[in-house]
Amino acid sequence: MTWIFENWERFWEVTAVHLRLSVVPVLIGFVLAVPLGWWASRSQTARAVLFPFANVLFTIPSIALIVITPVLIGVKILDEINVIVPLTVYTVALMIRSVADALSAVPGNVIAAANAMGYRPLRRFLTVDFPLALPVTIAGLRVATVSNISMVSVGALVGLGGYGQLFTEGYQTDYTGKVLAGLIGTVVLAVLADGLLLLIGRLLTPWARAGR
């Protein structure tokens with residue numbers, strides 16, 4: 001804690017980097033996972049292909065994916081994209097099943113009623129299916145966000161990683177104050193992000209609270 005107060009500007013600097021490297025992959029991954037999850041919820045073939053593939057992607061060690069990314073996409077090793085791309089992959093892998101299961105759980109009678117009222121597929125998805133699937137979807141998003149916040153630090157092994165830089169510097173100089181600062185920052189950021197998503201989920205799904 002002492003290091004944080006003595007180096008406030010540096011701490012906020014690495015916090016901003018850590019936050020950026022965590023949030024950007026979540027946003028991109030969520031946008032990609034929604035259509036893939038919808039497809040999996042509508043097609044058994046898509047589900048049979050996407051779910052095992054997502055499981056395989058998630059088993060790839062993060063450090064391996066971060067190291068190989070610049071080779072695959074042809075960027076410098078210190079480019080932040082080398083952390084953003086792997087974490088986006090992990091986000092998609094986590095979110096596909098959550099979105100698919102959430103959409104599959106929408107009651108059939110609700111879908112039938114919307115169809116009977118003349119809702120076209122896109123309008124029904126945006127105004128009926130997806131809103132009803134939000135509680136489960138946001139639960140998956142919370143898991144993905146917290147996972148990303150914890151995994152960003154691995155990027156420090158290639159010169160990136162937000163709080164991970166504090167872990168590396170603290171280990172190299174045998175200064176536990178930096179390691180503790182990075183640990184505290186990671187935990188606090190994860191708790192705040194999870195709480196924010198929980199609040200957003202409750203605000204977007206008032207019917208869920210009314211049902212309970």
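Analyst: In this predicted model, helix 2 (residues 8-42) and helix 3 (residues 44-59) pack at an angle of about 125°, with their axes 5 Å apart.

User: Which residues of helix 2 and helix 3 meet, and how do they divide into nonpolar, polar and charged?

Analyst: Leu-36, Trp-39, Ala-40, Ser-41 and Arg-42 of helix 2 meet Gln-44, Ala-46, Arg-47, Leu-50 and Phe-51 of helix 3, where meeting requires heavy atoms within 4.5 Å. The residues of this contact divide into six nonpolar, two polar and two charged.

User: What shows that helix 7 falls short of the span of a straight helix?

Analyst: Helix 7 (residues 121-151) has 31 residues, for which a straight helix at 1.5 Å a residue would reach 45 Å, but its end C-alpha atoms are only 37 Å apart. Helix 7 also bends by about 55° at Leu-134, and a proline, Pro-135, follows within four residues.

User: Which residues carry the UniProt annotation "transmembrane region", and what is the chain's secondary structure over residues 132-160?

Analyst: According to the unreviewed UniProt entry, the annotation covers residues 20-41, 53-75, 132-160 and 180-204. Over residues 132-160 the chain is 69% helix and 0% strand, with end C-alpha atoms 39 Å apart, while over residues 53-75 the chain is 83% helix and 0% strand, with end C-alpha atoms 26 Å apart.

User: How many helices and strands does the protein chain have?

Analyst: The secondary structure comes to ten helices and zero strands. Over residues 15-197, which the unreviewed UniProt entry lists as "domain: ABC transmembrane type-1", the chain is 84% helix and 0% strand.

Methods:
Residues are numbered from 1 along each chain as its sequence is written. This is a predicted model: local features need pLDDT of at least 70, side-chain atom pairs count only at pLDDT 80 or more; totals for chains, interfaces and linings use all residues. Side-chain values use heavy atoms; hydrogens and water are left out. Axes are lines fitted to C-alpha atoms, for helices over the stretch in contact, and angles run from 0 to 180 degrees between N-to-C directions. Helices (H or I, at least four residues) and strands (E, at least two) are DSSP runs, numbered from the N terminus. Ala, Val, Leu, Ile, Met, Phe, Trp, Tyr, Cys and Pro count as nonpolar, Asp, Glu, Lys and Arg as charged, and the others, Gly among them, as polar. UniProt positions are given in the numbering used here, feature names are shortened, and annotations may be inferred rather than shown by experiment. The expected span of a helix is 1.5 Å times one less than its number of residues. The bend at a residue is the angle between axes fitted to the seven residues ending there and the seven starting there.
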